[in-house]
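Me: I have a structure open that I have not seen before. Can you walk me through it?

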Amino acid sequence: MNKPQTHRAITLAALLASLTLSGAVLAAEPVGPDLTEKLRGLLVKEMIEIEAAMQQTYSAIFQGRHDEVAKLGQAIHDSFILEQSLTAQDRQELKAEVPKEFLQMDQRFHRLSASLAEAGERQDTQAQVETFNRMTESCVACHSRYVTDRFEGLEAQSIPGSWGHDGGAVSEP
Ligand code: HEC
């Protein structure tokens, strides 16, 4: 083997090693089983409410019911678990239990719901559709990373970093 080839082989080996490493870093790590029964129960309740609100939002958007979009966006924003509906102590506990990246994904989702409310107030259908899509990406990004114990179908999916994070950067946990 001549020198350039050896060099290339080493570079390839290093690349493969780093890919394997990042694969391990990005491996699924379900958060639910680590939570207390109370916290998990609250989280699930909140998720079911969000799902219902998202379905209503979908209907409101394609029928041009702007006020309803604004109201639902605001409701999702206000009710989301890590912001409200938990005592200060619950929140502390939850924040201590989940990875930092989970909280970042939550915050992004939270910001998007505020944008949805604003797009409703502006009667801006295009922005409503775009924000709704970003929110759906947000659900999938978080679930594919942290709920693979229950949503196995999302486990092997390759999800763009931008789906869960502002600006598309994927931060290390
Ligand atoms: C920051 C992370 C995160 C985001 C964002 C997120 N979820 Fe979840 N979701 C979870 C976790 C964690 C669970 C699993 C809870 C458990 O079972 O332990 C879950 C579970 C669920 C469930 C199952 C509830 C049940 O019946 O047990 C639904 C439905 C759901 N999410 C809907 C949504 C929708 C819709 C969105 C987006 C609009 C969304 N989620 C965004 C973290 C997230």
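Me: What is the mean pLDDT of the protein chain?
Reply: The mean is 83, and 76% of the residues reach 70 or more.

Me: Which elements have the lowest and the highest mean pLDDT?
Reply: Helix 1, residues 3-25, has the lowest at 54. Helix 6 has the highest at 97.

Me: And where does pLDDT stay under 50?
Reply: Residues 19-25 are one such stretch, and the model gives them one contact beyond four places in sequence. Residues 169-173 are also below 50, with 10 contacts in the model beyond near neighbours in sequence. Where pLDDT is low, the predicted coordinates should not be read in detail.

Me: OK, the ligand. Which residues come nearest?
Reply: Gly32, Met47, Asp106, Cys139 and Cys142, out of 22 residues around the ligand. Helix 2 (37-62), helix 5 (100-121) and helix 6 (125-146) each give two or more residues to that shell.

Me: Which helix gives the most?
Reply: Helix 2, with eight residues.

Me: How does the shell divide by class?
Reply: It has 15 nonpolar residues, three polar and four charged.

Me: Back to helices 5 and 6. At what angle do they pack?
Reply: At about 165°, with the axes 9 Å apart. Angles over 145 degrees count as roughly antiparallel, so helix 5 and helix 6 are roughly antiparallel to each other. Their crossing is left-handed.

Me: Which residues meet there?
Reply: From helix 5 they include Phe102, Met105, Phe109 and Leu112, and from helix 6 they include Phe132, Met135, Cys142 and Tyr146. By class, this contact has 12 nonpolar, six polar and two charged residues.

Me: What about helix 3, how does it pack with helix 5?
Reply: Helix 3, residues 66-79, packs with helix 5 at about 160°, and the axes are 7 Å apart. That angle makes helix 3 roughly antiparallel to helix 5. Helix 3 passes helix 5 in a left-handed crossing.

Me: Which residues are in that contact?
Reply: Among them are His66, Val69, Gly73 and Ile76 in helix 3, and His110, Ala114, Ala117 and Glu121 in helix 5. The contact divides into seven nonpolar, seven polar and two charged residues.

Terms used. Residues numbered from 1 in each chain as written. Predicted model: local features only at pLDDT ≥ 70, side-chain atom pairs only at ≥ 80, totals over all residues. Near = placed C-beta within 6 Å. Helix = DSSP H or I, 4+ residues; strand = E, 2+ residues; numbered from the N terminus. Nonpolar A, V, L, I, M, F, W, Y, C, P; charged D, E, K, R; others polar. Axes fitted to C-alpha atoms, helices over the stretch in contact; angles between N-to-C directions. Parallel < 35°, antiparallel > 145°, perpendicular 65-115°, else oblique. Left-handed = near helix turned anticlockwise from the far one by under 90°. Contact = placed C-beta atoms within 7 Å. pLDDT = per-residue confidence, 0-100.
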